[in-house]
Structures are given as structure tokens and as C-alpha cells.
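Look at the sequence and the model below.

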Amino acid sequence: MPEQDDHIHPDAAVAPGYLANHAARVFNRLVDAALRPYGLSLSLIGPIMLLSWKGPMLQRDLVRSSAIKQPAMVALLDKLEAITRYCHANWAAVACLTGWA
């Protein structure tokens with residue numbers, strides 16, 4: 001059995017709900033770490049996939065189609081816009097780094 005953590009009750013450490021929640025948090029941290037060098041995060045992937053699937057959408061439709069609330073969606077779209085501006089301004093460097101050249 002894995003090492004016990006003093007902050008976790010022994011029964012909770014084997015409870016399915018706790019294990020699923022813990023696995024999700026570990027997964028989120030690993031994915032965020034892998035995406036960070038590209039200026040992305042797991043929170044941005046949902047809207048990116050939705051836009052890729054449905055094409056251009058109004059902000060209110062993005063909110064309706066996702067689990068993200070309006071204020072958080074505004075912040076996510078601002079971040080995506082900043083990434084897009086950076087990529088357009090530095091296209092040669094981005095293409096070189098990503099192998100798209």
C-alpha cells in the first residue's frame with residue numbers, strides 16, 4: 001500500500017471519490033505543465049476545441065456551450081487574443097519553433 005499522508009484520513013485515501021478527485025488534480029497539473037511552454041493551459045483547451053469544431057462564435061454562445069461562466073470566458077478570450085497577436089507578430093519565430101516553417 002502506498003505511503004500514508006498524515007493529512008489524509010486512512011479511509012479517505014482509498015475512497016473512490018477521493019481517488020478520482022486526486023487523479024483529476026494530478027492530470028490537470030501535468031497537462032498544464034506540458035502546455036505552459038506554449039503559452040496555453042488546460043482551461044484554454046475547451047474553448048479552442050469548441051471554436052475549432054463550430055467555427056467563429058459569439059462570446060455568449062461560447063458561454064452557453066461550455067461550463068465556463070461569463071467573467072472567466074472574458075479572461076480566457078483575452079488570453080487567446082494575446083496569444084494570437086503574439087503569434088502573428090512573431091510568425092517566423094513561432095514557425096521555426098513549432099516546425100511549421
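What follows starts with the basis of the model and then turns to its parts.

This is a predicted model, in which local features need pLDDT of at least 70 and side-chain atom pairs count only at pLDDT 80 or more, while totals for chains, interfaces and linings use all residues. Residues are numbered from 1 along each chain as its sequence is written, and side-chain values use heavy atoms, with hydrogens and water left out.

Begin with helix 2, which runs over 42-54. Helices here are DSSP runs of H or I with at least four residues, numbered from the N terminus. The 13 residues of helix 2 should span 18 Å at 1.5 Å a residue, and its end C-alpha atoms are 19 Å apart, which agrees. The expected span is 1.5 Å times one less than the number of residues. Within helix 2, the residues L44, P47 and L50 are buried; buried means under 20% relative accessible area, exposed over 50%, and partly exposed in between, with a 1.4 Å probe and protein chains only. Seen down the axis, the buried residues of helix 2 fall within an arc of 130°, so they line one face of the helix. The arc is taken from the directions that lead from the helix axis to the C-beta atoms. Turned away from that buried side is a face with the exposed residues M49, S52 and W53. Helix 3 and helix 4 are among what covers the buried residues of helix 2, where contact means heavy atoms within 4.5 Å. After helix 2 comes G55, with a positive phi near 85°.

Helix 4 can be read in the same order. It has 20 residues and reaches 28 Å from its first C-alpha to its last, close to the 28 Å expected at 1.5 Å a residue. Its buried residues are M73, L76, L80 and I83. They cover an arc of only 85° around the axis, which puts them on the same side of helix 4. The face turned away from this buried side carries the exposed residues P71, R85, Y86 and A89. The buried residues of helix 4 pack against helix 2 and helix 3.

Which residues make up the largest nonpolar core? There are nine: L44, L50, L62, V63, I68, M73, L76, L80 and I83. Such a core is a set of buried Ala, Val, Leu, Ile, Met, Phe, Trp, Tyr and Cys residues joined through side-chain atoms within 4.5 Å. Helix 2, helix 3 (59-65) and helix 4 (70-89) each give two or more residues to this core, and helix 4 gives the most, with four. Leaving aside residues up to four places away in sequence, V63 touches I68, K69, Q70 and M73.

A search of the whole structure finds three salt bridges, each a side-chain nitrogen of Lys or Arg within 4 Å of a carboxyl oxygen of Asp or Glu. D61 pairs with R60, with the closest N and O atoms 4.0 Å apart, and D61 also meets R64 at 3.5 Å, N to O. D61 is partly exposed at 25% relative accessible area, R60 is partly exposed at 47%, and R64 counts as exposed at 64%. D61 and R64 are three residues apart in helix 3, or about one helical turn.
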